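Please look over the model below before reading on. My notes follow as numbered points.

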Amino acid sequence: MTMIQDGMRVLVFSAHAADFCSRAGGTIIRFVEAGGTVQVYDLTYGERCESPALWARNPRPTIEEVKAVRKEEMTAAASILGASIDCFDFGDSPLVLGPERRLQVLDAVRAFRPDLVLSHWINDLMHPDHVETTQAALWACSYCNAGGIETAHEPCPRPSLVCYETTMGTVPVSGFVPDLYVDITGVFDRKMEALKRLAAQPGLPEVYEVLGRYRAIESLHVAGMTDCRYAEGFARIGKQGVL
């Protein structure tokens, strides 16, 4: 499987405000540069569990104030990447996606008619919101072509589903092993610029700079990507090995 192809329609599901950018920001830029269209859906603003700099403020902000800041941040980051973005605002920690919410996710797939869907690693066990997101995305991709399930939009062909990085530092528990790599060397500075817009999580640029360098080293040894200095890793559900 080749991740980057010309003119692809790519739908990205992100549990919280920043996940799409930290895990797949460089790849999103690559899709856009190849003439593709990328739509991101945050399921929440990450207002409770992933906005540490905002909760450290004095006076303490309200939930709605945190959401408003995170909306501005994620919109700015997506703009730098060249993607459109929206938020379901389902509420995080816990993020619970019952039948009605899953139908909303399904309808988003049908409305966009993607070639490819990106979401969290399905076994990102250290962050249950991530697991919940991809369980819903997998269900939506599996049944978006089912004529007996009615939503506002008509059924569409089933897209491919590929998982992006697990929570940093949890690979020994989650078992995330990339079998696809994308060279983001040429767009890495733009990814960092986008991550800096997500200021409620100030540690993101440093952490994902380290991960980008590590995945590049990995890609050299297991995928022969000799000129790659920064990479993002992806895994297909049920697949092993490296391409």
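1. Which residue in β5 is the bridge partner of L116? The partner is S160. Strands β4 (residues 116-119) and β5 (residues 160-163) pair in the parallel sense over 4 bridges. Two strands pair if DSSP finds at least two bridges between them. Helices (H or I, at least four residues) and strands (E, at least two) are DSSP runs, numbered from the N terminus.

2. A caution on the source. This is a predicted model, where local features need pLDDT of at least 70, side-chain atom pairs count only at pLDDT 80 or more, and totals for chains, interfaces and linings use all residues. Residues are numbered from 1 along each chain as its sequence is written, and side-chain values use heavy atoms, with hydrogens and water left out.

3. Now the sheet. It is open and mixed, with 7 strands in the order β3-β2-β1-β4-β5-β7-β6. Its edge strands, β3 (84-87) and β6 (180-183), each pair on one side only.

4. Next, helix α1 (residues 19-33). It lies across β1 (9-14), β2 (37-42), β3, β4, β6 and β7 (231-236). Contact means heavy atoms within 4.5 Å.

5. Is α1 enclosed or open? Of its 15 residues, 12 are buried, so the rest of the structure largely encloses α1. Buried means under 20% relative accessible area, exposed over 50%, partly exposed in between (1.4 Å probe, protein chains only). Among the buried residues are F20, I28 and F31.

6. Check the bend. α1 has a kink of about 75°, centred on G25. The bend at a residue is the angle between axes fitted to the seven residues ending there and the seven starting there. G25 is also buried.

7. After α1 comes G35, with a positive phi near 85°.

Key: Axes fitted to C-alpha atoms, helices over the stretch in contact; angles between N-to-C directions.
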